[in-house]
Amino acid sequence: MIEINAVSKTYNRAKTKALDAISLTVPDGCIFGFLGPNGAGKTTTLKLITGSLQADEGTVLVNGHSTISDDLKAKHAIGFVPDNPELFSRLKGIEYLNFIADVYDLGKGARYAAIERYTTIFEIADVLNAKIASYSRGMKQKLIIAGSLLPDPQNWLLDEPMVGLDPHAAFKLKELMRERANAGKCVFFSTHVMEVAERVCDKLAIINKGKILFTGSLDELRELKGKDTSLENLFLELVDDKEQVS
Ligand SMILES: Nc1ncnc2c1ncn2[C@@H]1O[C@H](COP(=O)(O)OP(=O)(O)OP(=O)(O)O)[C@@H](O)[C@H]1O
Ligand SMILES: [Mg+2]
């Protein structure tokens, strides 16, 4: 579970806040989608949860551990798929996976079973001895997704994970998200793809200009707006309303 309490963040020399006092709870046992236009603050929020950025104000707790005062425990409870898969290009795929497994202190048995499972699912088992530099973007994305799952993290965070994946891999990813949510884990992912969010998510948060506009289920959003329409229409209307107010 992830708890974000009144978090604000301004990047160096920026005039506006990237995040403006956002609060959000991402519970266990569901697939939680994080939606918002470009520049809304999705990646910033995810980086604050992973501890690669620090908030100016407010607190972030991962399984109850502060990302500041208890950062190692918080990080241990996270598997993260960043938006950009350009990492460690000089390593071989298998070296990258072993490196991740070392970071999380995985024993031999758990490591080999997990590597075999996820590299088979994503059909990259036969390229693990090649350098990552030789992989296509989608192959790098699959490797990072596999790596993020090796420690069987309680909290799985993914930033635009469908980008670059072929339909087969995207389907497998959605299956894994559902499997983990059903097993009581927390799955939190950002996306621009409204059709995916509509089909996959149990709950959503919509962010725009560093402020959370809505948190709840799609049905709750429909009820709020008084319309039985697609998530895409509701999203565009919600973001548009706020543009006109501000
Ligand atoms: N490293 C940075 N330095 C300065 N400003 C930044 C930096 N990263 C993000 N920002 C600013 O913070 C705000 C939020 O950006 P963020 O990357 O979190 O948005 P996002 O919702 O992930 O967008 P996208 O959908 O395009 O990925 C934007 O105004 C952006 O310009
Ligand atoms: Mg982003």
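Biologist: Which residues does Ala-101 touch, not counting residues up to four places away in sequence?

Modeller: This is a predicted model, so read each contact as a computed one. Ala-101 touches Leu-106, Arg-111 and Leu-150.

Biologist: Where is Ala-101 found? Is Ala-101 buried or exposed?

Modeller: Ala-101 is found in helix H3. Count the neighbours next. A residue is buried if 20 or more other C-beta atoms lie within 10 Å of its own. Ala-101 has 20 C-beta neighbours inside 10 Å, so Ala-101 counts as buried.

Biologist: How far apart are Ala-101 and Ile-124, in sequence and in space?

Modeller: They are 23 residues apart in sequence. From C-alpha to C-alpha, Ala-101 and Ile-124 are 17 Å apart in space.

Biologist: How do I read the packing of helix H3 and helix H5?

Modeller: Two numbers describe a packed pair of helices: the angle between the axes and the distance between the axes. Take H3, residues 93-103, and H5, residues 137-149. Their angle is about 25 degrees. Their axes are 9 Å apart. Angles under 35 degrees count as roughly parallel. H3 and H5 are therefore roughly parallel to each other.

Biologist: In which hand does H3 pass H5? Which residues meet?

Modeller: The crossing is right-handed. From H3 come Gly-93, Tyr-96, Leu-97 and Ile-100. They meet Leu-143, Ala-146 and Gly-147 in H5. Sorted by class, this contact has 5 nonpolar residues, 2 polar ones and no charged ones.

Biologist: How many residues of H5 are buried, and what covers them?

Modeller: H5 is mostly covered, with 11 of its 13 residues buried. Among them are Met-139, Lys-140, Gln-141 and Lys-142. Leu-143, Ala-146 and Gly-147 are also on the buried list, and these three meet H3. The cover includes H3, helix H4 (108-121) and helix H6 (167-182). Strands S6 (78-81) and S7 (155-159) also contribute to the cover.

Notes
Residues numbered from 1 in each chain as written. Chains lettered and ligands numbered in written order. Predicted model: local features only at pLDDT ≥ 70, side-chain atom pairs only at ≥ 80, totals over all residues. Axes fitted to C-alpha atoms, helices over the stretch in contact; angles between N-to-C directions. Helix = DSSP H or I, 4+ residues; strand = E, 2+ residues; numbered from the N terminus. Parallel < 35°, antiparallel > 145°, perpendicular 65-115°, else oblique. Left-handed = near helix turned anticlockwise from the far one by under 90°. Contact = placed C-beta atoms within 7 Å. Nonpolar A, V, L, I, M, F, W, Y, C, P; charged D, E, K, R; others polar. Buried ≥ 20, exposed ≤ 12 C-beta atoms within 10 Å, placed from the backbone.
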